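Here are my notes on this model, point by point. Please read them with the structure open.

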Amino acid sequence: MLNAQNLNNPKFPFIIVCLALICCQTVVAQMFETVTGPISNTLSDSRSVNFLDINNDGWEDIYVSNGREGGQEDLLYINDGNGQMVAVTNMEIIQPSNPSDGARFVDYNNDGHVDAMVTSWYGAEDLLYLNNGSAELNYNASAGIASGSYAETASFGDYNNDGWLDLYIINSGGNKKNYLYKNLQNGKFERIFNHILVVEAKLSREAIWGDFNGDGNTDLFVSNESNQTNDVFFGLGGGDFQKLNTGSIVTSQKGSMTGVMGGY
């Protein structure tokens, strides 16, 4: 602690010098160069880039969502393990020409294979996909997802602490209300109405799940743009939440696009 007694201590400047020497480390600049191939050569109106291991081979693959108003196929590239990304051309997840704003890849049916959610704007359909275990992401027609939205993206979190990932879709158009879906543990979801997480009508851009207060319950942060306040909801257990109404994080009017949770 820096105080008057420290400043009068003849050893104190020596301590400062030692700390400065410890903190001075050589920083080596990382050099990057453009990798030629289908990713850098393909023109698209991209909205998000996602890393996933679709085939469980230990190499990260890449999914690009394209949000052109008139619709455009998304892009999927498989990592061949030798520094090359191979474009996929015949999988169901890239065939719809939706205006795809965001995508999320998680294992929502707990079978050990990554599944997908691709959200759309302009009232188009949000599309949920299941991994068949053979590196194929197929459209989950019976998932129970609403027919359309103005979704920026989606976020998976266990809102009721039952061990299964639930789905939260973030809207910035239409009636501006976000969607909450409960995981029914069979590849299907049930939309939850009249819940505190879906009553706000703001231009939402991102949702972050996490245990913010360390009580073991899942909490939720929602970032909102256009000079609107952000939202924090503390989980109480069993799917119940309480909205935080005090503090600058929820009272300052900002144009927030996203957020991240970490121990600063």
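1. β1 and β2 (residues 61-66) run antiparallel and are joined by six bridges. Strands here are DSSP runs of E, at least two residues long, numbered from the N terminus. Two strands pair if DSSP finds at least two bridges between them. Across this pairing, Phe51 stands opposite Ile62 of β2.

2. A caution on source: the model is predicted, local features need pLDDT of at least 70, side-chain atom pairs count only at pLDDT 80 or more, and totals for chains, interfaces and linings use all residues. Residues are numbered from 1 along each chain as its sequence is written, and side-chain values use heavy atoms, with hydrogens and water left out.

3. The open sheet has four strands, ordered β1-β2-β3-β4, with antiparallel pairing. Its edges are β1 (46-52) and β4 (85-87), each pairing on one side only.

4. The largest pocket has a volume of about 260 Å³. A pocket is an open set of points on a 1 Å grid over the protein atoms alone, where a 1.4 Å probe fits, with protein on both sides within 12 Å along at least five of seven lines; lining residues have an atom within 4 Å of a point. The volume is the space filled by probe spheres set on the points.

5. Which residues lie nearest the centre of the largest pocket? They are Arg47, Asp101, Glu152, Thr153 and Arg205, out of 16 lining residues. β5 gives the most to this lining, four residues.

6. The second largest pocket has a volume of about 190 Å³. Its lining includes Phe212, Phe221 and Phe234.
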